[in-house]
Each structure stands twice: as structure tokens, then as C-alpha cells.
Amino acid sequence: MASVDIAGVGKSYGPHKVLQGIDIAIPDGEFVVLVGPSGCGKSSLLRMVAGLEEITEGTISVGGRVVNQVPPKERDIAMVFQNYALYPHMTVRENMGFSLKLRGAGKAEIEQGVNRATEILGLQALLDRHPRQLSGGQRQRVAMGRAIVRQPQVFLFDEPLSNLDAQLRVSMRGEIKALHQRLGITAIYVTHDQLEAMTMADRIVVLNGGRVEQMGRPLELYDRPVNRFVAGFIGSPAMNFILGRLSGAGGAPCVESAGIRLPLGRPATARDGQALLYGIRPEHLALAGSGPALPAVVEVVEPTGATTYISARVGDTPISALIAERRNLAPGERIDLFPRLDQVHLFDAETGQRLG
């Protein structure tokens, strides 16, 4: 097991910069998730750690050793790919033991490594099958087993669950997290799914446009996003944003938007009249409460059983609410949405940076 240090790393394809100035220090045994929209550079960064992409600038160290010029097979890293990358002509047993065979390991060592991995992942009954005879979840377990057999210092996961159905994704998330807790190996996991990031990570790195927007523990990013991008990306459903201007900065402040007064629960660190984005998460809006409310018009109601998802409009701004109670609401109905004032976020409308 080993730490991973990414220092000043950049990646360019000719004049086009994919990554620039990436600094991430990953302690031994930590599970770090790289998350961001498509094209943000997260998979490129993972492939650079694996040695599958050249580094344009900066250094990557594994266990204190700079590996910029070290071939992939000598980095002591195992990677689980999105498409599983299993050899179709080999059985599960042969696929899992192949990396040890390439190293020149003996039959006894290979058998011991494969048996250890199959016990961890519950693959004993599948050892003599070929990949075509396996389900998507079983293939993913075999891919993880092949990585475990190598006993690497670092696990790399490149969107390993994206080809699975929704129910299987949920169960596999738990399996991968439990596997990490059992083995204690440093892991870097790439996904575009922020729910995967929130549920699995010890720490999340949010990437956007080839730069790190914010790093921190999942609830740190959820509770105190540094800017609008992180606030809108972390959390499902996404945070609501209403454009307005600060009013009454010296007394009882609020944000005014198209004649509607949006309540604040604390003084704002902004000047009177400053253009702001009023942020509130759907789960922090309620249909009943005390104090000022947001007048809204219902557009769509989606009952899911445990919760009800409401799409509405406050003035001309679309807004979403996620409520626990069951209500018979109809499109066009006028409702009041009561925000939790301790959960209101303010962002500078021009820069997108969090205020206070």
C-alpha cells in the first residue's frame, strides 16, 4: 500500500490543455473519487497515474517514488476498466491469474492468489466459466478479482459501474466500498455520477475544465460548496438558483427577485444592491412552515413513494422541491415553499463564488 502525490500535473494535446496545475495528495489507504462532467479531464488524470498517458508537466509519485518515466507494469498499480477488459477465450480462473502468469509466478502462487480473490468476491462457482457466460455484475467482480490477485499498492477504477443497470449499480457501490475497507488499499475512482462520489468516497475531488474546483469530504462539499459549479454538481436533485439583488444589508436582509422577497436567516457578506444567486436545495424546501415563503406555481408533480418531487416556478425561475409528505397537487396550483433559512447559500452572480 502507498500514498499517491500529484503535484503541478498538466496534460496537453498540442495547444489544447486538458489538465493544468493539478495538485492532489492522497494518503495511504484513502478512497478518493474524481468527479466532474464529461471532458473535465478526470479519466485522463487516472490514466496518467496508471502510466497509460504521458505527463506534459508536473510529477506523480507512488509511495514516495516519482513514476513519470516508470512503465505501467512496474508501477505496482491495478486498474479496473469501464468495459471490464476480460479475455473472452479465457475462463474466469485464467483471467484472474493471468497477471501473475506474466510475472512468471508458479502454479501454486497463482492458485493461491486466485483462491484468495474468489473467496473475497464470492466467485468460487464461476471459475470455469468464460466471460460470455457471465452477467454484467459478475464480469465486474472478475475484473476486480484480477486486480486483487496482483496485490497492488494502488487500485484505479475508471467508471466501472457505468455499464450496469440502476439496481446493480447500487449493490456494486456497496461491494466496492466494502472491498476497500477490507483490503485498506489506496484507491482512486473516476465517475461522472455525483451520487457514486457521495456514497463511496473518503474524499471527493471535483474537476471542471481541467482544473480542481474543490476537494473535501462528501458532506463538506455538500454543506459548503466553494462556488456555484460545485453547489450545482454535488447533490441530487441539483441545487436551485434564483438570481436577485441583496436588499436591506444593514437591517433585515433578503434577496429581491422580480418583486419577490427571498428570505435570509443571517446577515449577508455583500453590499446592498449586489447581484446574487440565492441557492437552496430541493430537500430544504417544505410545503409548511413559519416565516417568509417562496410563492410558487406547480408545473409537474412526480410521486416516488417515499418522497414527492415537485417542479415549479418562482416568478420566471424554475425551481424543484423534494418533500416527504404526500400531497395531491395539480399543475397550475399556487403553493408556498418554506426554505430552511440555515441552508440558504449565497453566491456572487458574476464570479459564482460563495459568499460567507
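Residues are numbered from 1 along each chain as its sequence is written. Because the model is predicted, local features need pLDDT of at least 70 and side-chain atom pairs count only at pLDDT 80 or more, while totals for chains, interfaces and linings use all residues, and side-chain values use heavy atoms, with hydrogens and water left out.

Strand β17 (residues 308-314) is mostly covered, with six of its seven residues buried, that is, under 20% relative accessible area with a 1.4 Å probe and protein chains only. Strands here are DSSP runs of E of at least two residues, and helices are runs of H or I of at least four, both numbered from the N terminus; two strands pair if DSSP finds at least two bridges between them.

| Pair | Bridges | Facing residues |
|---|---|---|
| β16 (residues 294-303) and β17 | six bridges | proline 303 and threonine 308 |
| β17 and β18 (residues 317-323) | seven bridges | valine 314 and threonine 317 |
| β9 (residues 203-208) and β10 | five bridges | leucine 207 and valine 212 |

In the hairpin of β16 and β17, four residues lie between the strands and glycine 305 takes a positive phi near 110°, whereas the hairpin of β17 and β18 has two residues between the strands, with glycine 315 at a positive phi near 65°.

Note on methods. Buried means under 20% relative accessible area, exposed over 50%, partly exposed in between (1.4 Å probe, protein chains only).
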